[in-house]
Amino acid sequence: MKTFFLLTMTCVAMASPVWALSTDRAQPIEVSADKFAGDEVKQTATYSGHVVVRQGSIELKGAHLELAITPKGYRYIELTGHVATFSQARDPKTPGVKEKIHAQAQRIVYDEATDTIRLTGKAALFRTENGVEKDSTRGEAITYNLRTGSSEIKGGLVNGQPQRVTTIIAPRQSPAKTESAPTSKE
C-alpha cells in the first residue's frame with residue numbers, strides 16, 4: 001500500500017510539468033485530508049475533506065480528490081470543491097522576478113492519457129510576478145494540452161445565453177536601455 005500511496009501522490013504532482021519549477025519533482029509530497037480511502041486492486045484512491053497537496057512550490061487544494069489508474073497505466077486525477085485551486089512557481093526567467101501560475105475552478109482534471117488539464121466551472125488561470133497578477137483568462141472551461149502547449153477556453157450558458165471568455169494580457173516591459181538616447185541641439 002505504501003508504494004501505491006507514493007504513486008498516487010507522484011501523479012498528482014505531475015499534473016502540470018509545463019508550468020513547473022524544475023526542482024519541484026525532486027521534493028517530497030505531502031497530502032493532508034480529513035479522510036483517505038484506497039483500493040490497491042482497483043488502483044483507486046480518494047481523499048476527502050479539506051484536501052491539501054504540496055510538493056515543493058506546487059499546492060493543490062479542494063474538498064475531494066480522486067485518483068484512478070487505467071488498465072494501460074495512465075493516471076486520471078480529479079480535484080473538486082466549491083473552489084478547487086492549483087498553484088506553482090515557474091523557473092525564473094528574469095532576475096528578481098518570481099513568476100507563479102494559479103488556477104481555480106470547481107473541478108480540475110488531469111488526464112495522463114491525453115496529457116491535458118481541464119478546469120471546469122468558473123474556471124480561471126492567472127500568472128503573477130512577485131505576487132502581482134499580470135495575465136489572466138476566465139471562462140466556464142479551460143483545457144490545456146501539456147504536449148502541445150495549446151489551450152482552449154469556452155464560455156458557458158447563462159439563462160440560455162452564451163457567455164464570452166475573457167483574457168487579460170499585461171504589457172511586457174522592454175529591456176532597460178543602458179545608454180541614453182542622443183539629444184539634438186538646434
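Me: Is Gln43 buried, partly exposed or exposed?
Reply: This is a predicted model, in which local features need pLDDT of at least 70, side-chain atom pairs count only at pLDDT 80 or more, and totals for chains, interfaces and linings use all residues. Residues are numbered from 1 along each chain as its sequence is written, and side-chain values use heavy atoms, with hydrogens and water left out. Buried means under 20% relative accessible area and exposed over 50%, with partly exposed in between (1.4 Å probe, protein chains only). Because its relative accessibility is 23%, Gln43 is classed as partly exposed.

Me: What is the phi of Gln43, and where is Gln43 found?
Reply: Gln43 is found in the loop between β2 (35-39) and β3 (44-55), where strands (E, at least two residues) are DSSP runs numbered from the N terminus. Although Gln43 is not a glycine, its phi is positive, at about 60°.

Me: Is His50 buried or exposed?
Reply: His50 is found in strand β3, and its phi is positive, near 50°, in a residue other than glycine. At 63% relative accessibility, His50 counts as exposed.

Me: How many bridges join β7 to β8?
Reply: Two strands pair if DSSP finds at least two bridges between them. Strand β7 (residues 116-129) and strand β8 (residues 132-145) run antiparallel, and they form a hairpin with two residues between them. The number of bridges joining β7 to β8 is twelve.

Me: Which residue in β9 stands opposite Thr143?
Reply: β8 pairs with strand β9 (residues 151-154) in the antiparallel sense over four bridges. Opposite Thr143 stands Glu152.
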